[in-house]
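Okay, thanks for coming, everyone. Let me put the structure up, and then I'll walk you through a few spots in it.

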Amino acid sequence: MSAEIDNQPTDSAPLWRTSKPRTFWSDAAHSFSRNYTGMLGLLIFVLLLLAAIFANQIAPYDYLAQDWNNLLKPPNANHLMGTDELGRDVFSRVLMGARTAFLVALCISTISTTIGLFAGALSALLGGWVDRVVVWIMDALLSFPSIWLAAFVSVVTRPTIDSLTSGLYASTGWAMFQDRVIFSYLVVIFAIGFVAWPYMGRLVRSQVLSLREKEFIEAARALGAGTRWVTIRHLIPNVLGSVIVTFTLSFGNAMLYESSLSFLGIGIQPPGASWGRMIFEALGRLRAQPYLIIMPGLTLSLVVLSLQFVGDALNDALNPRSHSR
Amino acid sequence: MTTQPEVLSVHNLRTHFPGPALGLPWQGRTTVRAVDDVSFSISHGHTMGLVGESGCGKSTVARSILQLVRPTSGQVLFEGIDLCKLKPKALAPLRKQMQIIFQDPYASLDPRATIGFTIGEGLLIHKLVNERDLRQRVADLMLMVGLNPAFENRYPHEFSGGQRQRVGIARALATNPKFIIGDEPISALDVSIQAQIINLLRDLRARLNLTMLFISHDLRAVRYLSDEVAVMYLGKIVECAPTDLLFKQPAHPYTQALLNSVPKPRWVDGRQIAEIKGEVPSPLNPPSGCYFSTRCPHVMPRCKQEQPALVEVQAGHKAACFLLNDVSHPI
């Protein structure tokens, strides 16, 4: 760039502006709203989320009700996704499976993100032996294949969680602590949350470590900014982008893991509805009644794909470098 | 030069960092003496140039003055207040009076903040203006440093290095500081842009009546901007003099070698000066005696044992070298 241009505006922007001052967050929202794939992903995700929340209202049948006159019927007007070998309505079961999937995935990604955020940030900020211990734990957990570790944890912790919930039932008398389905939710949430948090922890730790050394943090301190200002105005906007993206993707991953564990028979227990479990039960009917596998499988793929779209769009939106103007 | 009140005076400033650990845990750690016994002062409206090779502690002096790095010992008097003794809370309101322009215009701007926010950040932190006046003030600052105010909503990556450095200058000037440190503000820029930024700094200095500490390893820039120059070597000031005097009659062998390293050293009236050899010793393990003794062409046995003190060679011209006490050794 030549010397003359440097002093001048690089394009023909008006010398006086009419627009309001923008912030990082308003720019990010604007950029996201113009990303059509991201908006499509968000739309699909929100529709499926609403379907999961209002599953009871939408479902045409009780998801456990067996209709012995309608066994293994392919999709038709009465049964949108057909019926399974016990005559249960697959559409209703997929809806209830969505409820399980969203609930469990939300719990898992919230818990693992929270733990990862705190562990990573504390590890980076405190340093010393805290850092060494946290990094050691995270590396140890990450060194196992996640699905094996999650399966192992779910099997090992089952009796502990069982005695915990029966203890809670004895002291509170609340029916939810006696419910076997809720119990299997807890086992799955604990097992997957246990293997998922180090991913977030490592990300946050490395981000905070590299940001702490950046000159713009020092520049803010030279201006007189305190720790709170630096954290809110500089650290969070710079870290939160990747945290939100990772959270979005971890939500999809948590769904996949829940289905995998249920598929293996160590996740959600019957009578709870789970897509993984539905696929497992229909495995022998792959040729005769493929819709039994396709329906829950397709829904699962659709959610995970929509989250990928949303994650990608967020990644772009939260990085000013990729904004198109 | 009339005698003006001193805006900044630094006395016996030392900033040491813990270095790498020694072999065994109980042996403790080594110490990096980044800044070792530095004293100087800058009068109101004057500019002090600070020169030296990379790694000699120039930037640490800047950060120690602003208390971005807490000095190990010594005094930093800003208008008579010792900054080293102040707690962070008490220091914060003073920060609007002293600002710094950083070397790297890429790393020193938050990539996720609009430049309008970056420039106005100091005003927001110190609550100096209300919401409405903020935009006006930011626009004024942008015009002052030669940026179009229409770009307030843009992000740093949309600008060239020179434009970013202008943002850095505007940010530093936002709170109307009395004292500005330029920590190698031009070394990361193209040569053509360097001249622009230097001239901008010179204009702004005159317009805003700024006192400056200009740190650079570019001797031409220092000569152009400074009233006085201090030469640093391995954490110590080895020579300090008014600019003309230092460039015409450098007293210390290191200064002479430094000046000689600039192409066409015409100003040293034809005298042959030995060129600088070897590497800067590690501040982890500085040589005994004079720190420059390992590379000095005039080294004497005494240089290996004692450290020369900074002595006045002539009025206002100080240097730390044993040769200067001894008339029989003309340099």
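Let's start in chain B, with B:Glu184, which sits in the loop between β7 (179–183) and α6 (191–208). Keep in mind that this is a predicted model.

B:Gln67 isn't a glycine either, and its phi is positive, at about 60 degrees. You'll find B:Gln67 in the loop between α1 (58–65) and β4 (73–78) of chain B. With 20 C-beta neighbours inside 10 Å, B:Gln67 is buried too.

Staying in chain B, on to the sheet. What's the strand order? It goes β2-β1-β4-β5, four strands in an open sheet, with antiparallel pairing. At the edges you have β2 (29–43) and β5 (81–82) of chain B, each pairing on one side only. If you zoom in on β1 (6–21) of chain B, that strand runs antiparallel to β2(B), and ten bridges join the two. To pick out one residue pair, B:His16 has B:Arg33 in β2(B) as its bridge partner.

Now over to chain A, and a pair of helices. α6 (128–142) and α8 (180–212) of chain A have axes that come within 9 Å and cross at roughly 130 degrees. That makes α6(A) and α8(A) oblique to each other, and the crossing is left-handed. Who makes the contact? From α6(A) it's A:Val134, A:Met138, A:Leu141 and A:Leu142, and from α8(A) it's A:Val195, A:Pro198, A:Gly201 and A:Arg202. By type, that contact splits into six nonpolar residues, one polar and one charged.

Last stop, where the chains meet. On the chain A side 32 residues are in contact, and on the chain B side 38. Within chain A, α1 (3–7), α9 (215–222) and α10 (227–263) each supply at least two residues of the side that touches chain B. Which element gives the largest share of that side? That's α9(A), with seven residues.

Technical notes: Residues are numbered from 1 along each chain as its sequence is written. Chains are lettered from A and ligands numbered from 1 in the order in which they are written. This is a predicted model: local features need pLDDT of at least 70, side-chain atom pairs count only at pLDDT 80 or more; totals for chains, interfaces and linings use all residues. Two residues are in contact if their C-beta atoms, placed from the backbone, lie within 7 Å. Axes are lines fitted to C-alpha atoms, for helices over the stretch in contact, and angles run from 0 to 180 degrees between N-to-C directions. Angles under 35 degrees count as roughly parallel, over 145 as roughly antiparallel, 65 to 115 as roughly perpendicular and the rest as oblique. A crossing is left-handed if the near helix is turned anticlockwise from the far one by less than a right angle, and right-handed if clockwise. Ala, Val, Leu, Ile, Met, Phe, Trp, Tyr, Cys and Pro count as nonpolar, Asp, Glu, Lys and Arg as charged, and the others, Gly among them, as polar. A residue is buried if 20 or more other C-beta atoms lie within 10 Å of its own, exposed if 12 or fewer, and partly exposed in between; C-beta atoms are placed from the backbone. Two strands pair if DSSP finds at least two bridges between them.
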